[in-house]
Amino acid sequence: MNDILKGRYIPGDSFLHRRNGTAKLLAFFMILAAVLTTDSVPGYLLIAAVSAAAAAMSEMRPTKTLGQVRHLRLFFLMLFLMNAFFYEDGQAGGLVLWSWGIVHLSVPGMIQGTHVVLRILFLMVFCNVLIRTTPPVQITTAIETLIAPLRLIRVPTAEVAMILSVALQFIPVFAQEADLIKKAQTARGAKFESERLRDRAASVVPLLVPIFLSAFRRADDLATAMEARGYGHRQTNGRGRSQRAAVQLPDVCLFLFSCLFFLVQAAR
Amino acid sequence: MSIELKQVSCSYNFRTKQEILALNGISMKIEDGEFVGIMGHTGSGKSTLVQLIAGLIRPNSGQVFLDGKDINERGYDRNNLHRQVGIVFQNPEYQLFETTVAKDVAFGLKHSGLRKEEACERVRQALEQMGFSYDDIADASPFALSGGEKRRVAIAGVLAARPKTLIFDEPIAGLDPEGRRQFLELVRKLNREGVSILMVSHHADSICACAERVLVLEQGSLVLDGSPKAVFADLERTSRLHIGASQPRQIAELLIQSGIPFSRDIVRYEDLLDELKNRWKGGTRCE
Ligand SMILES: Nc1ncnc2c1ncn2[C@@H]1O[C@H](COP(=O)(O)OP(=O)(O)O)[C@@H](O)[C@H]1O
Ligand SMILES: [Mg+2]
């Protein structure tokens with residue numbers, strides 16, 4: 001659970017730290033689109049180059065951009081194997097190496113698996129760079145700015161932004177509480193760090209039930225506190241918005257470069 | 001069991017820009033059966049210290065020995081450690097999760113290799129120690145209980161493992177006076193039965209009433225270690241360390257300040273009473 005804490009915003013003064021949150025978020029979306037359209041070796045090389053550039057611009061060591069990937073290796077392995085064994089087109093054209101019932105180990109499946117794993121890996125890298133260089137408040141402000149036009153079709157954008165910012169602010173609180181509950185259960189004999197999968201699975205419930213309960217408790221307390229301070233009795237449109245940083249030339253450049261990146265990837 | 005710390009330092013976010021040195025070169029030894037109070041300003045490192053002893057976090061340097069064995073050494077049996085050292089956090093009721101009280105209390109015994117009847121017997125005893133009647137409560141849902149009952153069930157869950165050392169991290173914060181009295185009664189009884197107790201608390205009265213020894217932390221360093229009387233001898237110092245003083249000690253100080261010759265060796269109500277009785281008998285009535 002501490003991993004959530006470790007993935008948090010890290011104060012700094014790098015090029016990316018100084019960029020406007022909205023520009024960063026937009027650039028992130030463009031990069032996301034670029035990553036999802038990539039399916040060739042040169043494409044991945046280009047992404048790798050861009051992620052190295054992002055690491056450099058945020059003054060992070062490239063290995064740090066991977067964040068908690070190490071803990072997810074099992075997940076990535078599963079993802080790859082699922083694709084390798086269950087890829088539908090395996091029967092159609094591709095080379096099937098081995099078959100048993102509905103399970104086919106196929107070359108196209110393995111290629112597909114590699115694609116999925118690589119894309120998610122790179123998405124996590126960019127996500128990490130975004131989160132580490134942008135304070136949560138700036139992210140919510142950026143989202144609020146981006147969804148502002150939806151107010152025209154009566155989407156309560158201020159409320160949505162409020163929900164997001166409350167949720168974001170609670171992440172470290174929950175991480176701390178989860179850490180404490182984990183310690184308490186460990187002291188009672190739960191085996192979170194056991195090598196055996198069975199032990200780990202058995203220790204999920206002792207962790208999840210108390211965390212959910214604490215989430216409800218906190219939500220309840222917060223709702224009471226907000227109501228006591230008058231939230232919901234007034235028109236809330238336009239309130240609670242934090243000051244927006246001015247958009248500067250480098251912000252625009254950042255966004256344009258990300259668009260260019262997407263176009264290059266998509267055009268291939 | 002004896003607990004020994006040698007030059008233990010511990011940081012959060014070790015080797016990052018946000019590194020916080022929570023404990024700085026702590027050395028101390030706690031003998032079998034002691035009752036130790038741990039005090040200090042918020043953020044002075046009390047929780048970090050007790051979690052190190054319980055093996056829940058690891059030091060960055062230095063060693064923690066339980067019965068002479070380094071608990072952070074490779075191959076140390078951590079399950080055994082968790083059975084021998086129990087820890088109760090401030091809101092233990094938040095750790096409940098099972099469908100029935102009996103199952104929740106038995107949680108810690110799952111991996112202990114005890115026979116079923118033996119485990120069941122321990123659950124019964126733990127619940128009875130916490131003032132419940134086993135038959136009434138065993139099959140109730142822990143979430144249907146009142147706040148105070150939940151807390152007692154959670155503590156029973158720690159007692160069931162029969163730890164030789166019990167750690168309480170701010171156990172009485174938020175308890176009413178009667179709850180506090182019952183709780184202190186319980187820990188004293190456990191201590192009399194031979195369990196070593198480490199109790200973190202801001203409540204000087206409770207610490208003075210129970211502990212034979214008080215450790216005071218300040219910014220991660222152990223600055224005082226002695227009997228309650230020694231620790232609370234100098235009230236200016238205790239107020240600087242944010243640990244206050246017990247009521248009887250404050251009463252004694254007030255008397256002294258108003259010019260009445262009175263002993264400073266007073267931390268418990270019994271001490272105050274003894275002193276008053278002595279003076280009364282001696283005929284030197286306090287005016
Ligand atoms: N999980 C954590 N992550 C980062 N810093 C922490 C964590 N827990 C405690 N600290 C910091 O370590 C220091 C000591 O904390 P703690 O041991 O909880 O003190 P106490 O229990 O005496 O209030 C404090 O400065 C606190 O902010
Ligand atoms: Mg604490």
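Residues are numbered from 1 along each chain as its sequence is written, with chains lettered from A and ligands numbered from 1 in the order in which they are written. As the model is predicted, local features need pLDDT of at least 70 and side-chain atom pairs count only at pLDDT 80 or more, while totals for chains, interfaces and linings use all residues; side-chain values use heavy atoms, with hydrogens and water left out.

Chain A contains 11 helices and 2 strands, where helices (H or I, at least four residues) and strands (E, at least two) are DSSP runs numbered from the N terminus. Along the sequence the order is α-α-α-α-α-β-β-α-α-α-α-α-α. Of its 268 residues, 35% are buried, a term that means under 20% relative accessible area, with exposed meaning over 50% and partly exposed lying in between (1.4 Å probe, protein chains only). The accessible surface of chain A amounts to about 15800 Å², and 68% of it belongs to carbon and sulfur atoms; such areas come from the Shrake-Rupley method with a 1.4 Å probe, and for residues only the protein chains shown count as cover. Among contacts (heavy atoms within 4.5 Å) between residues of chain A at least 6 apart in sequence, 74% join residues at least 24 apart.

An α-helix has 3.6 residues a turn, so residues three or four places apart point the same way. Just after α10(A), Gly230(A) adopts a positive phi of about 95°. Met162(A) sits in helix α8 of chain A and is partly exposed, at 29% relative accessible area. Beyond its neighbours within four places in sequence, Met162(A) is in contact with Met226(A) and Tyr231(A).

Turning to ligand 1, the shell (residues with a heavy atom within 4 Å) consists of Tyr12(B), Ile20(B), Ala22(B), His41(B), Thr42(B), Gly43(B), Ser44(B), Gly45(B), Lys46(B), Ser47(B) and Thr48(B). By class, this shell has 3 nonpolar, 7 polar and 1 charged residues; Ala, Val, Leu, Ile, Met, Phe, Trp, Tyr, Cys and Pro count as nonpolar, Asp, Glu, Lys and Arg as charged, and the others, Gly among them, as polar. Both β2 (20–30) and α1 (46–53) of chain B supply at least two residues each, and α1(B) gives the largest share, 3 residues. Oxygen atoms of ligand 1 lie 2.7 Å from a backbone N or O atom of Gly43(B), 3.1 Å from one of Gly45(B), and 2.8 Å from a side-chain N or O atom of Lys46(B). The protein covers 70% of the 560 Å² of accessible area that ligand 1 has on its own.

Two residues of chain B other than glycine deserve a glance at their backbone. Asp67(B), in the loop between β4 (61–66) and β5 (69–70), has a positive phi near 50° and is partly exposed, at 43% relative accessible area. Glu170(B), in the loop between β7 (165–169) and α7 (177–192), also has a positive phi near 50°, but is buried at 18%.

Notes. Polar contact = N/O pair within 3.5 Å; in protein donor to acceptor, adjacent residues only side chain to side chain.
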